[in-house]
Amino acid sequence: MTRFRGQPYTWGVEKSGKGGVHTRSHPPYPAEFRSQAVELVRTSGKSILEVARELGVSGEGLRRWVRQAEADAGRGRPGDLTAYSGEIDQ
């Protein structure tokens, strides 16, 4: 039997900056791909889940990209920190 160093339940797992744990199944998507996916959600009339399925990405991931784009454009929900980051820096 092969012996491995480390704990098998932690292989492929990264700790997120928020103290949580998540797995990464692939490299991050390029910024251009993410922005085009967000634009497709905005202009296609399709739901986020439909667009996510067509693009082969997770629905929650695409939802986060849309939320982040809205916050960056100043249209974020209350509590989205990036919407206020410019005000904090000043």
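Student: What are the ground rules for the numbering and the values?

Tutor: Residues are numbered from 1 along each chain as its sequence is written, and side-chain values use heavy atoms, with hydrogens and water left out. Since the model is predicted, local features need pLDDT of at least 70 and side-chain atom pairs count only at pLDDT 80 or more, whereas totals for chains, interfaces and linings use all residues.

Student: What makes up the secondary structure of the protein chain?

Tutor: There are four helices and two strands, in the order β-β-α-α-α-α along the sequence; helices (H or I, at least four residues) and strands (E, at least two) are DSSP runs, numbered from the N terminus.

Student: Which residues of helix 1 are called buried, and what puts them on the same side?

Tutor: The buried residues of helix 1 are A37, V38 and V41, the term meaning under 20% relative accessible area, with exposed over 50% and partly exposed in between (1.4 Å probe, protein chains only). They cover an arc of only 95° around the axis, and therefore lie on the same side of helix 1; the arc is that of the directions from the helix axis to the C-beta atoms. E32 and T43, on the other side of helix 1, are exposed.

Student: What do the buried residues of helix 1 pack against?

Tutor: They pack against helix 2 (48–55) and helix 3 (59–72). A37, leaving aside neighbours within four places in sequence, is in contact (heavy atoms within 4.5 Å) with V51, L55, L62 and W65.

Student: Why is a set of residues called a nonpolar core?

Tutor: The name applies because its members are buried Ala, Val, Leu, Ile, Met, Phe, Trp, Tyr and Cys residues joined through side-chain atoms within 4.5 Å. The largest such core has ten residues, namely A37, V38, V41, I48, V51, A52, V57, L62, W65 and V66, and helix 1, helix 2 and helix 3 each supply at least two residues of this core.

Student: Why is E60 called partly exposed?

Tutor: E60, which has its place in helix 3, has 39% relative accessibility and therefore counts as partly exposed.
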